[in-house]
Amino acid sequence: MGETVRVRPLADRDWDAVVALERDAYTGLGLSEGRAALQSRAAASPDTCFVADVGARTAGYVLALPYPPHRYPDLTRAEGAAPALPPGNLHLHDIVVAPGLRRRGLARHLLRHLTTAARARGDERISLVAVGGTERFWSARGFVAEPGVVPVGEYGGDAVYMSKSVGVRPAPSPPSTLREVS
């Protein structure tokens, strides 16, 4: 591939690409939320939502927002105006990489960028709901299933709530660009 990869804040111009990536990733699982819900989640925490560009193409995105531990967004509703939560838990709601660009480290790069943002916010943990059989993927990245936290039905029968510590050590900021190795 050999093109430069850049992670940057999600911007208004990115929504068509983000909605298309989300639709392609989640429609088959019955989990696609649509533009309004996605935009409401990003509006809840714009500093923790990013896109990854490969050259001029939007190759992936991550949406994350503060949520109390053991809770997660309701997929049937957009985020409402919520009271500001103190740092503690950042919920990784969505991370998607374009199908033709998977298995090249883009998701790991987005996750490192998000972890750095979580540390900067003062968060102690990142949580997520693994869907569509992705529990192994997340386990390999340090996330641990939390028994007893059962995601509501709209996440699918195999959904698993997971979390991991962001660590207490200060981390250097990830580079804003990297050279993708073919």
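Which side chain does glutamate 33 join through a polar contact of 2.7 Å? In this predicted model, the partner is histidine 93, the two side chains being joined by a polar contact of 2.7 Å.

## Overall architecture

The protein has 4 helices and 8 strands, and from the N terminus on these elements follow the order β-α-α-β-β-β-α-β-α-β-β-β. When contacts between residues at least 6 apart in sequence are considered, 73% of them join residues at least 24 apart.

## Glutamate 33 and helix H2

Glutamate 33 sits in the loop that runs between helix H1 (15-26) and helix H2 (35-44). With a relative accessible area of 16%, which is under the 20% limit, glutamate 33 counts as buried. Setting aside residues up to four places away in sequence, glutamate 33 touches Glu22, Leu38, Arg41, Leu75, His93 and Asp94, so that this list includes histidine 93, its partner in the polar contact.

Two residues in that list, Leu38 and Arg41, return in the description of H2, where Ala37, Leu38, Ser40, Arg41 and Ala42 are buried. The cover over the buried residues of H2 includes H1, strand E2 (49-54), E3 and E4.

## Tyrosine 155

Tyrosine 155 belongs to the loop between strand E6 (144-145) and strand E7 (160-165), and with a relative accessibility of 5% it counts as buried. Its side chain reaches the backbone oxygen of proline 73 at 2.6 Å. Beyond the residues up to four places away in sequence, tyrosine 155 touches Leu31, Tyr72, Pro73, Leu75, His93, Val129 and Val131; Leu75 and His93 are also touched by glutamate 33. From C-alpha to C-alpha, tyrosine 155 and alanine 130 are 8.7 Å apart in space, although 25 residues apart in sequence.

## Two buried threonines

Threonine 58 is found in strand E3 and counts as buried at 16% relative accessibility. Leaving aside neighbours within four places in sequence, threonine 58 is in contact with Arg8, Asp14, Ala17, Leu21, Val51, Ala52 and Asp53.

Not counting residues up to four places away in sequence, threonine 115 touches Ile126 and Val166.

The accessibilities of the residues described so far are set out together below.

| Residue | Relative accessible area | Class |
|---|---|---|
| Glutamate 33 | 16% | buried |
| Threonine 58 | 16% | buried |
| Tyrosine 155 | 5% | buried |

## The largest pocket

How many residues line the largest pocket, and which are the closest to its centre? The largest pocket has a volume of about 800 Å³, and 31 residues line it, of which Ile95, Arg102, Thr134, Phe137 and Trp138 are the closest to its centre. At least two lining residues are supplied by each of H1, strand E4 (89-97), helix H3 (106-121), strand E5 (125-130) and helix H4 (135-139), and the largest share, 7 residues, comes from E4. Sorted by class, the lining comprises 19 nonpolar, 5 polar and 7 charged residues.

## Positive phi angles

Most residues other than glycine have a negative phi, and two residues of this model can be set against that background. Histidine 70 is not a glycine, yet has a positive phi of about 70°; it is placed in the loop between strand E3 (57-66) and E4, and it is partly exposed, with a relative accessible area of 42%. Arginine 103, also a residue other than glycine, has a positive phi near 65°. This arginine 103 lies in the loop between E4 and H3, and at 88% relative accessibility it counts as exposed, because that value is over 50%.

Methods:
Residues are numbered from 1 along each chain as its sequence is written. This is a predicted model: local features need pLDDT of at least 70, side-chain atom pairs count only at pLDDT 80 or more; totals for chains, interfaces and linings use all residues. Side-chain values use heavy atoms; hydrogens and water are left out. Contact means heavy atoms within 4.5 Å. Buried means under 20% relative accessible area, exposed over 50%, partly exposed in between (1.4 Å probe, protein chains only). A polar contact is a pair of N or O atoms within 3.5 Å; within protein, one must be able to donate a hydrogen and the other to accept it, and residues adjacent in sequence count only if both atoms are side-chain atoms. On a 1 Å grid over the protein atoms alone, a cavity is a set of points where a 1.4 Å probe fits but cannot get out, and a pocket is an open set with protein on both sides within 12 Å along at least five of seven lines; lining residues have an atom within 4 Å of a point. Grid points are joined across faces, edges and corners, and a volume is the space filled by probe spheres set on the points. Ala, Val, Leu, Ile, Met, Phe, Trp, Tyr, Cys and Pro count as nonpolar, Asp, Glu, Lys and Arg as charged, and the others, Gly among them, as polar.
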